[in-house]
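Hi,

Here is the structure I promised to pass on to you. Please have a look at it first, and then read on for what turned up.

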Protein chains: 2
Amino acid sequence: MEGYGLPPALRSLLATLEKLPGIGPRSALRIAQAILKKPTLLEELSQALVEVQTKITPCRECGYWAEAEAGLCMICQDVRRTEPVLCVVKEPADVLAIERSQAFRGHYHILGGVLDPLSGITEKDLRLDNLWKRLQKGAYEEVLLALGTSPEAETTAYYIARQLTDWHGKITRFASGIPVGSELEYIDPLTLSRSLRERQPVYI
Amino acid sequence: MEGYGLPPALRSLLATLEKLPGIGPRSALRIAQAILKKPTLLEELSQALVEVQTKITPCRECGYWAEAEAGLCMICQDVRRTEPVLCVVKEPADVLAIERSQAFRGHYHILGGVLDPLSGITEKDLRLDNLWKRLQKGAYEEVLLALGTSPEAETTAYYIARQLTDWHGKITRFASGIPVGSELEYIDPLTLSRSLRERQPVYI
């Protein structure tokens, strides 16, 4: 956004907003306009940011969002989660997506990304040491790799699986296939071929 | 966004982010994830918000964004803007759009919205008193109403024009017509009919 009579403080707010994911110059401007028009909204946003800054910390066990006081996230604290499966995901938002399905009662491990040498993300940038430790000491019988289906994610899953050849438990991944409710004609060939290869018996 | 182990501070940040224009639950989550992953970004955003809160104020003349110290925006301060035209717009972002065209060298007046009785926006909610004052004392010879083409905007333009029947200057609006670079076949019938009615001579 060029000058056009914009005061410097506003220009630097726009520049910061544009660093947020999914926010371009136009949305940044719309957001800045909205919060400048409504001082209560500006105040509320400021306040909310200070709150998360002081009160939220990565869970020391799994890396998910935890209250700073507790240090452990609500999922790790939940004694009713007894499924002996550790589900490895990329980011906290992935946990939310899986939790929404209400189909998983084990624990999570947030990797913080996937191996991506071209972007400079190597083993050291991921929470891998912590993962090995949890698997050694924990009562897990299965590692479920839920890192997505990008080439980088598949490589990372393969890397983790290889590191775990001596581990006693099972190593699994989410099934690839046709999304529930989708029409066959709209499915890409790769998904379709996987879904054919991994076809399941029909029980009646 | 339901529970799913989200700490309260984070849940309230998500709720606040969702109040921003164009931000839904998914984008709010992506933004929260990004700023929690990168503490420097959180700090920077916090800082930028405090800055605009203390340093930006509506220009006391036109209502555009001004530095609090000056009280007047850069456009009102610019002595080279001598075109005796006052351009009335809805919001500060409209000023930016017009400035980008570099085709206008007069002053602006930000109304802060348009009359919309159904949403409870009446004369008192707009910067109209200030507009009458500026037109009485100012050296303007023309009021250019650039409020947009929604029914509410047209009503507001009509309302302003009627209040100004005794005023000495011209009252104008932006031409409606075919956007430069558009194909005729994609233009809606209303725009096309206006553009036909207001056709212009071709000079060679």
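**What was found**

The accessible surface of chain A amounts to about 11,800 Å², and carbon and sulfur atoms account for 54% of that. Please keep in mind that this is a predicted model.

Let me start with the fold of chain A. There are eight helices and six strands in the chain, and along the sequence they run α-α-α-β-β-α-β-α-β-α-β-α-β-α. With a radius of gyration of 22 Å, well over the 17 Å that the globule rule gives for 204 residues, chain A is more spread out than a compact globule. Its C-alpha trace spans about 65 × 50 × 40 Å along the principal axes. The chain is divided into domain 1, residues 8–53, and domain 2, residues 82–201. The centres of these two domains of chain A, taken over C-alpha atoms, are separated by 34 Å.

Of its 204 residues, 42% are buried. If you take the contacts between residues at least 6 apart in sequence, 46% of them join residues at least 24 apart.

Now to the pair of chains.

Which residues does Gln33(A) contact, leaving aside its neighbours within four places in sequence? They are Trp65(B), Glu91(B), Pro92(B) and Ala93(B). Gln33(A) counts as buried because its relative accessibility is 14%, below the 20% cut-off.

Finally, the cysteines. Over all chains, the structure holds zero disulfides. Cys73(A) is in none, and its nearest cysteine sulfur, that of Cys62(A), is 3.6 Å away; a disulfide needs the two sulfur atoms within 2.5 Å. Cys73(A) is also buried, at 0% relative accessibility. In chain B, Cys76(B) is in no disulfide either, with the sulfur of Cys62(B) as the nearest one at 3.7 Å. Cys76(B) is buried too, with a relative accessible area of 17%.

Best wishes

Key:
Residues numbered from 1 in each chain as written. Chains lettered and ligands numbered in written order. Predicted model: local features only at pLDDT ≥ 70, side-chain atom pairs only at ≥ 80, totals over all residues. Heavy atoms only, no water. Domains from an automatic or database assignment. Buried < 20%, exposed > 50% of the residue type's maximum accessible area, 1.4 Å probe, protein only. Contact = heavy atoms within 4.5 Å. Helix = DSSP H or I, 4+ residues; strand = E, 2+ residues; numbered from the N terminus. Rg over C-alpha atoms; globule rule 2.2 N^0.38 Å. Areas by Shrake-Rupley, 256 points an atom, 1.4 Å probe, with all protein chains shown as cover.
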